[in-house]
Amino acid sequence: MHVYSEKKSVPALLGPDSRENEPPRDAGEGAGGGTPGFLLSPGREVHVSGSAELSAPPDRAKVTVHLRSRKAEASAARSSVTRRLDYIAQAARQRGGLLENNVTVTKNFSRIDNAYKMEAEVCITFSNFEKMQDVCNFLVEKLDSSVIISPAHFYHTMETLDALRRQVCLAAVGSARQKAQDVCQLFGQSLGKPLLVREEEVKEWEGHHENHITNCSDSLSLQQRLQNATVYVSSRIFAVFEIKGERKRKKTALLNVN
């Protein structure tokens with residue numbers, strides 16, 4: 001997971017009578033020039049923006065195993081599929097360390113012409129991708145063409161996505177606060193408490209913009225599918241911080257005089 005912060009605008013030191021969303025003006029506006037992009041005044045606030053971007057790889061993978069049998073007798077078709085189902089469940093427990101609630105089985109039994117057809121589908125959910133690869137390789141080796149294993153489908157749990165959204169918002173706030181702190185230090189001021197923090201924009205997407213792979217999912221490698229399933233979230237916030245210190249220095253000076 002990485003953080004990307006971007007300073008998009010020069011913050012402004014504003015007076016107490018300025019409006020919250022008033023755009024920055026030239027320091028010499030109305031006075032024949034000055035440094036463009038920010039306003040210096042004997043004010044008590046600093047307005048800043050902050051942004052951040054975080055990413056999280058998928059934390060779950062679902063693998064689907066298809067198997068079928070067609071026999072002249074119903075019991076033979078059912079027995080053939082049942083034996084393989086038991087073998088798959090055993091492999092998931094022993095090699096994948098999975099519990100029963102991580103394995104879902106659906107069955108379908110039908111009669112076609114003079115034969116009986118038994119089909120089954122096993123959905124296995126993994127949180128450990130190395131064990132997932134081990135189980136899939138083991139099933140291919142032992143069961144060969146009697147089963148069809150679909151490419152893994154990677155996804156995120158809601159807990160992971162919620163945590164990512166919270167973290168990117170906090171990272172954007174931290175970026176804005178650091179910017180405000182730097183500006184206050186530049187002008188010999190001390191940063192005070194936040195007066196307003198507002199999240200103005202949130203974006204979320206899968207796969208990196210520059211490296212997103214659009215080939216058929218069946219032809220992608222494991223790492224390419226992981227990359228495509230990685231979620232990115234960006235946040236941009238606006239914040240207003242109090243500028244402190246000047247009033248305290250005035251009070252100290254008065255006390256010293258008295």
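View 1. Strands (E, at least two residues) and helices (H or I, at least four) are DSSP runs numbered from the N terminus, and two strands count as paired if DSSP finds at least two bridges between them. Residues are numbered from 1 along each chain as its sequence is written.

**View 2. The hairpin of β5 and β6.** Strand β5 (residues 103-112) pairs with β6 in the antiparallel sense over 10 bridges, and Val103 stands opposite Ile124 in β6. The hairpin has 2 residues between its strands, and Asp113 in the turn has a positive phi of about 55°. Of the 12 residues in β6 (residues 115-126), 9 are buried, that is, under 20% relative accessible area with a 1.4 Å probe, protein chains only.

**View 3. Helix α3.** The end C-alpha atoms of α3 (residues 158-186) are 42 Å apart, which agrees with the 42 Å that its 29 residues should span at 1.5 Å a residue, the expected span being 1.5 Å times one less than the number of residues. Among its buried residues are Leu161, Leu164 and Val168. Gly188, whose phi is positive, near 70°, follows α3.

**View 4. Confidence along the chain.** The mean pLDDT, the predictor's confidence in each residue from 0 to 100, is 81 for the chain, and 74% of residues reach 70 or more. Over residues 252-258 pLDDT stays under 50. Where pLDDT is low, the predicted coordinates should not be read in detail.

Definitions and conventions: This is a predicted model: local features need pLDDT of at least 70, side-chain atom pairs count only at pLDDT 80 or more; totals for chains, interfaces and linings use all residues. Side-chain values use heavy atoms; hydrogens and water are left out. Contact means heavy atoms within 4.5 Å. Buried means under 20% relative accessible area, exposed over 50%, partly exposed in between (1.4 Å probe, protein chains only).
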